[in-house]
Amino acid sequence: MADTYDLIVIGGGPGGYVAAIRAAQLGLKTAVVEREHLGGICLNWGCIPTKALLRSAEVYRLASEGERFGVSPGALSADVARIVAHSREAATRLNGGVAFLLRKNKIDVIWGEATLAGKGEVRVAAPTKPPMLPQSPSPKTRLDHGVYQAKHIIVATGARPRLLPGLEPDGRLIWTYFEAMKPERFPKSLLIVGAGAIGVEFASFYRTFGVEVILVEALPHILPSEDEEIAALAHRSFKKQGIDIRVATTVTGVEKKADSLVVTLKPTDGEMETLEVERALSAIGVVANVENLGLEALGVALERSVIKIDGFGRTNVEGVYAIGDVAGGPMLAHKAEHEGVTCVEAIAGLDAHALDRSRIPGCTYCHPQVASVGLTEAKAKEQGLDVKIGRFPYLANGKAIALGELEGVVKTIFDAKSGRLLGAHIFGVEATELIQGFVIAMNLETTEEELIRTIFPHPTLSETMHESVLAAFGRAIHV
């Protein structure tokens, strides 16, 4: 007799383990099938370790600017091995934390590769490479393989780096973010293809440590999903930092040499250019892991290479659900976690609320940071909305002046008729922390009048948010 569960989650990443924990809280007998490591790409090779790398870069940058704050740090040096070790330590610590949470909630972990074997059945086979087993196992850490049964099955298998033909990673000269996170040394020059969040963060990291960075984007501006005004400010800032940015440009040829690459670039309006770089990083996004799961045999519908779901994670096949990257964008860990909770609460019969994709914040942890939620100015106008727009610069904020971080702006977009907050966009230090104030405001359907009447503490960077709202209605005080 196969082991039976109320819920089996395929994938132990942010969406999967959070869904499993919520299910256990609601009394469902739950198991997670994981082939490699708890926490998924985000915790082990994405969100967390990259922020540790960027923290090292921030410390290095601040130390290099110490004299303007009256501090002389002496000769600076960067120990690549220690920087990478700090990043890996952060990932390892959180990986163990996920194992603890699963154990605490009495969730079984089945180590292996899963396929949908039939209605309510999951077949688990041995993983293709040894999994990273936690030191503290779950109540029933299983390495036995076979068929397991569950009334409900959530697919949370995440995504992997997208490959660009002609720029296929080889782990040495051409990197994905895996190799970019653990360099043995800093290359003299690095070509980064793709100027979305991943590309921009690595451009910021490597440039801080003196690497010659060439950032290439096929679309007309970097950070294509961001408000164009904010993207333009970031472009200008990155160029001042010495990052060579090429927009509306594609890579048309790559020739490998002994320890470098000769790359041919083609601007949309311009002549081809050839340059030599030590290393290249392919950062053109990710693709969902939908293969070899048995989806086709069970009749699970795909749309644009991701699993098609409704607002509660339900697929077209009863009892099969999908969350996170495998279910489409935005491919962000916090979106996956929220989907996991929503999906499980719907399964349990609670009054769950469908995911509102318009209220999912996006964050890029470069320097200065970029963060946003809701509509861009262009999207709001495309929808025919009459908008009021407020802007407030960091250089007029007391806390920013004290920090020596004058570069930045907060931009808010309101519906002129209702006062509804349509979108907020921040470029500047700690933007990724500030944005949540606007996310909460949107979620509570706050109007401009309520935001204007809100008291913001002084001196804080958050005052820029208040002033931006005031500016949208002609009431800014400090500019």
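This is a predicted model: local features need pLDDT of at least 70, side-chain atom pairs count only at pLDDT 80 or more; totals for chains, interfaces and linings use all residues.
Which helices each supply at least two residues of the lining of the largest cavity? They are helix 3 (47-64) and helix 6 (197-208).

**The chain as a whole**
- The secondary structure of the chain comes to 14 helices and 25 strands.
- For a chain of 479 residues, a compact globule would have a radius of gyration near 23 Å, and the 24 Å of this chain agrees with that.
- If you follow the C-alpha trace along its principal axes, it spans about 70 × 60 × 45 Å.
- Of the 479 residues, 51% count as buried.

- Strands of a sheet pair through backbone hydrogen bonds, and they can do so in a parallel or an antiparallel way.
- Here, 3 strands form an open sheet in the order 13-14-15, with antiparallel pairing.
- Strand 13 (249-256) and strand 15 (273-277) stand at the edges and have a single partner strand each, so one side of each is left without a neighbour in the sheet.
- On average, neighbouring strands of this sheet are turned by 25° against each other, direction ignored.
- Strand 13 is joined to strand 14 (residues 261-267) by 7 bridges, and the two run antiparallel.
- To find your way in this part of the model, look for Thr250, which stands opposite Lys266 in strand 14.

**The largest cavity**
- Rolling a probe the size of a water molecule over the atoms shows where empty space is left.
- A search of the whole structure finds 2 cavities of 30 Å³ or more.
- The largest cavity has a volume of about 50 Å³.
- Its lining is made up of Thr50, Leu53, Leu54, Glu201, Phe202 and Phe205.
- Sorted by class, this lining has 4 nonpolar residues, 1 polar residue and 1 charged residue.
- Helix 3 and helix 6, the pair from the opening question, each supply at least two residues of this lining.

**The second largest cavity**
- The second largest cavity holds about 30 Å³ of space.
- Ile309, Gly311, Phe312, Gly313, Ala322, Ile323, Glu339, Thr342 and Cys343 line this cavity.
- Which helix gives the most to this lining? Helix 9 (residues 333-347) does, with 3 residues.
- By class, the lining of the second largest cavity divides into 5 nonpolar, 3 polar and 1 charged residues.

Note on methods
Residues are numbered from 1 along each chain as its sequence is written. Side-chain values use heavy atoms; hydrogens and water are left out. Two strands pair if DSSP finds at least two bridges between them. Helices (H or I, at least four residues) and strands (E, at least two) are DSSP runs, numbered from the N terminus. Axes are lines fitted to C-alpha atoms, for helices over the stretch in contact, and angles run from 0 to 180 degrees between N-to-C directions. On a 1 Å grid over the protein atoms alone, a cavity is a set of points where a 1.4 Å probe fits but cannot get out, and a pocket is an open set with protein on both sides within 12 Å along at least five of seven lines; lining residues have an atom within 4 Å of a point. Grid points are joined across faces, edges and corners, and a volume is the space filled by probe spheres set on the points. Ala, Val, Leu, Ile, Met, Phe, Trp, Tyr, Cys and Pro count as nonpolar, Asp, Glu, Lys and Arg as charged, and the others, Gly among them, as polar. The radius of gyration is taken over C-alpha atoms; the globule rule is 2.2 Å times the number of residues to the power 0.38. Buried means under 20% relative accessible area, exposed over 50%, partly exposed in between (1.4 Å probe, protein chains only).
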